[in-house]
Amino acid sequence: MWRQKKCLKSIPTKGDNINISWSPTGDYIVVGSRADILTLIDARKYLIVLEKKFNYEVNELTFDLSGTFLFTASGIGGIGKVEVFRLKNGALTYQSEMVGHTHHCYCVQLDKTGMYLASGGADSLVNLWDLQDLVCVKTFPQLDYPTRTISMSHDSKVIAYGCEDTMIAFGSMETGESLGVIDVGGGLNSMAWHPNKYIFAYAVDVKDSKDPMMQVIGVDFKPK
């Protein structure tokens, strides 16, 4: 844990860490490892308060805006789902699940309003979920390879999603229609929208290059 350039505390966890999410309240950090262990850290005390081992694959993690619920992308037996856990007093309690992929679910992303959650999986699909009713309201099928990363625009009108190939697709969150696809020329690692503009950044592994590359683009379409 860092403040400016100073390391405040190093907290050892079990396994290689691959995913992390900080609760909006700032009280807790949850870390996921390759060994499918979730580690819950009290960020106020720099203490591990919970270690939970899963007997199935657990991938990306994200909290709701209140920090009460944790969403995890997971997969078991060829089925991909988003599981919902309630965080209370340092404990995670299973609440529900949203099953919407025919293979493992890799990534989850909450929109800025907190009303919608997007999930992407090995079946190449991206699903948009209404969190009030926990139902899928849109499906975006433009990609041909497993979805690895998702990001939604500041106004919750456009969703971008990238795959293991070199493509990023854009879709309307209101209508579900495709808004275009771009080839970024390398495997995608991460991407994100500007906090309040239609400007988009992504990081890629470029073929025949030892160094990853980050690019920033302006998106010129006008969502309806």
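1. Ser153 is buried at 0% relative accessibility, where buried means under 20% relative accessible area, exposed over 50% and partly exposed in between (1.4 Å probe, protein chains only). Ser153 sits in the loop between strand E15 (147-152) and strand E16 (158-163); helices (H or I, at least four residues) and strands (E, at least two) are DSSP runs, numbered from the N terminus. When neighbours within four places in sequence are set aside, the contacts of Ser153 are Lys112, Val158, Trp193 and Tyr198, a contact being heavy atoms within 4.5 Å.

2. On the basis of the note: this is a predicted model, in which local features need pLDDT of at least 70, side-chain atom pairs count only at pLDDT 80 or more, and totals for chains, interfaces and linings use all residues. Residues are numbered from 1 along each chain as its sequence is written, and side-chain values use heavy atoms, with hydrogens and water left out.

3. The loop between E15 and E16 also holds Ser156. The phi of Ser156 is near 55°, a positive value in a residue other than glycine. Ser156 is buried, at 12% relative accessibility. As background, most residues other than glycine have a negative phi.

4. A positive phi, near 50°, is also found at Asn89, again a residue other than glycine. Asn89 belongs to the loop between E9 and E10. Is Asn89 buried or exposed? With 73% relative accessibility, Asn89 counts as exposed.

5. The whole structure contains six salt bridges, a salt bridge being a side-chain nitrogen of Lys or Arg within 4 Å of a carboxyl oxygen of Asp or Glu. One of them joins Glu97 and Lys81, with the closest N and O atoms 3.2 Å apart. Because Glu97 lies in strand E10 (residues 91-101) and Lys81 in strand E9 (residues 79-88), the pair ties together parts that are 16 residues apart in sequence. Glu97 is partly exposed at 32% relative accessibility, whereas Lys81 is buried at 10%.

6. Arg148 and Glu164 form another salt bridge, in which the closest N and O atoms are 2.8 Å apart. This pair links distant parts of the chain, with Arg148 in strand E15 and Glu164 in the loop between E16 and strand E17 (167-172), 16 residues apart. Arg148 is partly exposed, with a relative accessible area of 39%, and Glu164 is partly exposed at 42% relative accessibility.

7. Within it, the side chains of Arg44 and Asp42 meet at 3.1 Å, N to O. Arg44 is partly exposed, at 47% relative accessible area, while Asp42 is buried, at 5% relative accessibility.

8. An open sheet consists of four strands in the order E7-E8-E9-E10, with antiparallel pairing; two strands pair if DSSP finds at least two bridges between them. The edge strands are strand E7 (57-63) and E10, each of which pairs on one side only. On average, neighbouring strands of this sheet are turned by 25° against each other, direction ignored; the axes are lines fitted to C-alpha atoms, for helices over the stretch in contact, and angles run from 0 to 180 degrees between N-to-C directions. Strand E8 (residues 69-76) and E9 run antiparallel and are joined by eight bridges. The bridge partner of Ala73 in E9 is Val82.

9. A further open sheet has four strands in the order E11-E12-E13-E14, and its pairing is antiparallel. Its edge strands, each pairing on one side only, are strand E11 (105-110) and strand E14 (135-140). Neighbouring strands here are turned by 25° against each other on average, direction ignored. Five bridges join E11 to strand E12 (residues 116-121), and these two run antiparallel. Gly120 in E12 is the bridge partner of Cys107.

10. How many disulfides does a search of the whole structure find? The search finds zero, a disulfide being a pair of cysteine sulfur atoms within 2.5 Å. For Cys107, which is in no disulfide, the nearest cysteine sulfur is that of Cys105, 6.4 Å away. Cys107 is buried, with a relative accessible area of 0%. Cys136 is likewise in no disulfide, and its nearest cysteine sulfur, that of Cys105, is 11 Å away. Cys136 counts as partly exposed, at 36% relative accessibility.
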